[in-house]
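Please open the structure in a viewer and follow the stops below in order. Each stop names a selection and then describes what is found there.

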Amino acid sequence: MTDFAPTDRVLVSPRYLAGAGTDKITDVIGPLVHLFDWRAEQNPQQVRLTHPQGTAALEFTPESPDGLWWKIENVEPHWQIQISRQAPIEAVSAVAQSLPQLLGDHRHAEQISITTLSLREIAVTNRWVRAPDNSAYSSPDSNCSVHHRPRPGVGWSFEHSVYDGFDTH
């Protein structure tokens with residue numbers, strides 16, 4: 001047992017063990033709406049944000065039967081990110097906050113910094129272990145991995161788990 005109340009905020013390290021959380025959805029969508037003028041639409045099943053020129057969208061669907069709560073999609077060039085309900089909200093927020101710069105809107109870049117390092121450089125900097133065939137990297141504790149499995153619609157996938165954890169993949 002801990003001395004923390006259910007409403008207490010704590011720092012968890014490594015960050016991907018923090019859990020999903022839905023209480024801070026505003027951390028994900030707030031900057032897009034308030035700083036970058038993305039349009040928000042909401043219904044009982046979904047929240048959808050759309051880029052001002054309609055070239056990209058972010059959807060939050062917490063009742064999704066496949067557990068994919070988040071979908072981010074770009075029109076041209078076409079790419080898509082799908083994020084499961086187990087992903088830490090901090091990670092989802094970091095991806096969402098990087099979208100404007102990735103799409104060419106550099107307002108507030110001094111407040112929302114993104115890296116220019118390659119995936120390989122990020123992995124090496126953080127002591128991730130590379131697979132012999134260069135198709136995957138694993139975190140130092142082996143709880144998180146990134147895989148390059150070229151197949152239709154999927155280039156890279158990230159997986160995280162806690163050993164013997166219930167529903168944590």
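Does Arg107 count as buried, partly exposed or exposed, and at what relative accessibility? The model is a predicted one. In it, Arg107 counts as partly exposed, because its relative accessibility is 37%, a value between the limits of 20% and 50%.

**Stop 1: the salt bridges**

Asp105 forms a salt bridge with Arg107, and here the closest N and O atoms are 2.7 Å apart. Through shared partners, salt bridges join Asp37, Asp105 and Arg107 into one network.

How many salt bridges does a search of the whole structure find? The search finds three. To view another of these contacts, select Arg48 and Glu59, whose side chains meet in a salt bridge at 2.2 Å, N to O. Arg48 lies in strand β2 (residues 46-50) and Glu59 in strand β3, so that the pair links distant parts of the chain, 11 residues apart. Arg48 is partly exposed, with a relative accessible area of 27%, while Glu59 is buried, with a relative accessible area of 15%.

**Stop 2: the aromatic cluster**

Select Phe60, Trp69 and Trp70, which form one aromatic cluster. The structure holds two aromatic pairs. Phe60 and Trp69 form an edge-to-face pair, with 5.9 Å from centre to centre and 85° between the planes. Both Phe60 and Trp69 are buried.

Now turn to Phe60 and Trp70. Trp70, like Phe60, is buried.

**Stop 3: the β4-β5 hairpin**

Select strands β4 and β5. These strands form a hairpin, with four residues between them. β4 and β5 run antiparallel and are joined by six bridges. To locate a facing position, select Ile72, which stands opposite Ile81 in β5.

**Stop 4: helix α2**

Finally, select residues 89-102, which make up helix α2. The helix has 14 residues and reaches 20 Å from its first C-alpha to its last, close to the 20 Å expected at 1.5 Å a residue.

Which residues of α2 are buried? They are Ile89, Val92, Ser93, Ala96, Ser98, Leu99, Pro100 and Gln101. In an α-helix, residues three or four places apart point the same way, because there are 3.6 residues a turn. To see what covers the buried residues of α2, display the elements that include α1 (25-34), β3 (56-60), β4 (68-74) and β5 (79-84).

End the tour just after α2, at Gly104, which takes a positive phi of about 100°.

Note on methods: Residues numbered from 1 in each chain as written. Predicted model: local features only at pLDDT ≥ 70, side-chain atom pairs only at ≥ 80, totals over all residues. Heavy atoms only, no water. Helix = DSSP H or I, 4+ residues; strand = E, 2+ residues; numbered from the N terminus. Expected span 1.5 Å × (residues − 1). Buried < 20%, exposed > 50% of the residue type's maximum accessible area, 1.4 Å probe, protein only. Contact = heavy atoms within 4.5 Å. Salt bridge = Lys/Arg side-chain N within 4 Å of Asp/Glu carboxyl O. Pairing = 2+ DSSP bridges. Phe/Tyr/Trp six-rings, centres within 6.5 Å; stacked < 30°, edge-to-face > 60°.
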